[in-house]
Amino acid sequence: MIVITSVAGILIFFVSLALAVVCAQRKEYPPLVSWSLLAIGMVYGLGWVAVVHAAISGTGFLGAGRIAFDKDYWIFYNLSVLFSIFGIFLGWNILRSATSFTIRISSRIFFLSYKELAFIAWSMLIIAFILRYLYVSAFGGFFSYLEYSRAIRSGIFEIDNPWSFLQPFGHLVLFSSYIFWAARRDGNKTFFNFVGFWLAFLFSVYILYSWSGRAGFVIYLCVFLLAFIYLRHFPAKMVVIGGTIGSLATLYFLYIISNVFEIKGADNFSYYVVKEISFPFVSFFSQLERGDYLYRGFTDLLYSPLYLLPSSWTTGLIEGVEQINTLVISGAKKGDYGVTGTIPVDLITLGLMQAHVLGVFITSVVFGGFIKLLQVFFGAIKSDSLRCIFLAYAAVKISFISIFYANPSNFVASIFPILLLILSIFFYKILMLVLRRVV
């Protein structure tokens with residue numbers, strides 16, 4: 001059985017990589033679906049082989065026993081991955097009729113001059129600073145907050161902060177730095193843009209550090225790197241293939257950072273990889289074994305827009321799948337009995353929890369359709385640098401990462417900065433319209 005499932009995992013990797021390369025043929029940039037397929041191939045393909053062998057050999061990681069003893073589900077898991085690949089492909093192609101409408105919307109939103117973009121970037125930076133100041137004031141200021149940030153993230157420390165709903169608005173400064181970078185790459189190299197970029201970049205580093213996520217800063221840098229690669233016009237299929245090597249290099253970099261700063265490090269790289277990528281498999285097998293949450297009827301997808309609201313408004317109204325997943329695997333929810341974090345839900349497990357294997361397929365179709373609309377929306381931007389930086393963000397943060405962090409709260413958090421960007425542009429255009437009428 002171990003040989004059969006290992007061969008299946010390797011085949012999934014090569015099939016996913018081949019499809020990703022085919023989708024990138026004759027394209028200026030790799031489409032978002034290529035990055036999703038690459039992510040599936042690397043983790044659900046090669047990653048599965050590494051994790052299942054580690055579980056059989058007795059390597060100690062959370063949930064290893066479930067994988068080792070549930071051999072009857074191994075091939076079923078491989079088939080579920082194939083259902084997901086087919087679903088994403090179908091969703092990607094089924095929404096072609098909506099692309100023209102999306103292009104028109106994007107063209108109207110991003111019809112901006114360099115001066116207007118710079119004004120929006122400065123506005124986002126200033127607003128982000130003000131909102132962050134209000135948020136951290138309850139903790140004594142910007143630097144005092146850093147003493148509490150990790151405990152807050154772990155759910156073991158809380159404070160009555162009337163400005164707690166402002167926490168997600170830190171994303172404004174990240175997108176401010178993206179816009180400054182794009183404006184300078186397109187030739188608008190003024191002194192104010194130079195200062196604006198570095199202020200936004202340094203403030204982004206502070207924000208990411210305060211969020212205490214190891215991967216956050218690496219992902220932030222990867223967006224710039226991928227956008228730069230896009231602008232160099234390398235063949236799209238070579239960029240996809242290079243993404244395989246780049247993903248492994250990024251994982252190794254995270255391993256080094258984790259050991260240096262003693263944040264969930266490991267004795268060796270192979271154990272670190274297994275420990276970090278095992279949660280999608282542990283989640284899948286744990287949910288199958290428990291069986292209580294396999295028919296949620298897509299309510300998690302329907303309720304996902306509610307995660308745009310402050311958490312204080314939705315407490316008790318919705319229970320995130322990541323909380324349920326943590327309960328099933330760890331025996332308690334975050335904040336209870338020493339559990340200091342939630343175990344995220346990947347795309348396949350999310351689908352499984354909606355309607356068993358049919359849910360895997362339908363959830364993947366929805367995901368494929370969404371990234372198609374996102375591809376068209378950002379692809380219609382006329383500015384080369386602005387188009388590249390936003391497509392790079394969508395590729396890294398949504399198409400790739402969201403395959404494994406697909407629970408609605410995480411997914412909406414990835415979409416939230418895009419909504420903030422659109423709202424910022426709308427407010428600017430409304431302001432200019434009012435000023436013209438007044439003058």
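**View 1. Buried residues of helix 12 and the helices around them.** The buried residues of helix 12 pack against helix 2, helix 10 (214–231), helix 11 (236–260) and helix 13. Helix 12 spans residues 269–277, and Tyr272, Val273, Val274, Glu276 and Ile277 are its buried members. Buried means under 20% relative accessible area, exposed means over 50% and partly exposed is in between, computed with a 1.4 Å probe on protein chains only. Helices are DSSP runs of H or I with at least four residues, strands are runs of E with at least two, and both are numbered from the N terminus. The model is predicted: local features need pLDDT of at least 70, side-chain atom pairs count only at pLDDT 80 or more, and totals for chains, interfaces and linings use all residues. Residues are numbered from 1 along each chain as its sequence is written, and side-chain values use heavy atoms, with hydrogens and water left out.

**View 2. Packing of helix 5 on helix 17.** Two packed helices are described by the angle between their axes and the distance between the axes. For helix 5 (residues 99–109) and helix 17 (residues 347–379), the angle is about 45° and the axes are 8 Å apart. This makes helix 5 oblique to helix 17. Axes are lines fitted to C-alpha atoms, for helices over the stretch in contact, and angles run from 0 to 180 degrees between N-to-C directions. Angles under 35 degrees count as roughly parallel, over 145 as roughly antiparallel, 65 to 115 as roughly perpendicular, and the rest as oblique. The crossing of helix 5 and helix 17 is right-handed; a crossing is right-handed if the near helix is turned clockwise from the far one by less than a right angle, and left-handed if anticlockwise. On the helix 5 side, Thr99, Thr102, Ile103, Ile105, Ser106 and Ile109 meet Lys372, Leu373, Val376 and Phe377 of helix 17. Contact means heavy atoms within 4.5 Å. The residues of this contact divide into six nonpolar, three polar and one charged. Ala, Val, Leu, Ile, Met, Phe, Trp, Tyr, Cys and Pro count as nonpolar, Asp, Glu, Lys and Arg as charged, and the others, Gly among them, as polar.

View 3. Helix 2 (residues 32–56) packs with helix 17 at an angle of about 145°, and their axes are 8 Å apart. Helix 2 contributes Leu32, Val33, Ser36 and Tyr44, and helix 17 contributes Leu347, Ile348, Phe367, Ile371, Leu374 and Gln375. The contact residues divide into eight nonpolar, two polar and no charged. Ser36, in helix 2, counts as buried at 0% relative accessibility. Leaving aside neighbours within four places in sequence, Ser36 is in contact with Phe367, Ile371, Ser399 and Ile403. Ser36 and Ala392 are 356 residues apart in sequence, and their C-alpha atoms are 13 Å apart in space.

View 4. Ser16 lies in helix 1 (residues 2–24) and counts as buried, with 0% relative accessibility. Not counting residues up to four places away in sequence, Ser16 touches Leu37, Ile40, Gly41 and Ile85.

**View 5. Leu294 in the loop between helices 13 and 14.** Leu294 is placed in the loop between helix 13 (279–290) and helix 14 (299–302). Its relative accessible area is 5%, so Leu294 is buried. Apart from residues up to four places away in sequence, Leu294 touches Gln287, Leu288, Leu352, Met353, Gln354, Ala355 and His356. The C-alpha atoms of Leu294 and Leu350 are separated by 9.2 Å, with the two residues 56 apart along the chain.

View 6. Arg26 is not a glycine, yet has a positive phi of about 60°. Arg26 is found in the loop between helix 1 and helix 2 and counts as exposed at 82% relative accessibility. His356, also not a glycine, has a positive phi of about 55° and is found in helix 17.

**View 7. Cysteines without disulfides.** The structure holds zero disulfides, a disulfide being a pair of cysteine sulfur atoms within 2.5 Å. For Cys23, the nearest cysteine sulfur is that of Cys388, 19 Å away. Cys23 counts as buried at 15% relative accessibility. For Cys388, the nearest cysteine sulfur is that of Cys222, 16 Å away. Cys388 counts as buried at 0% relative accessibility.
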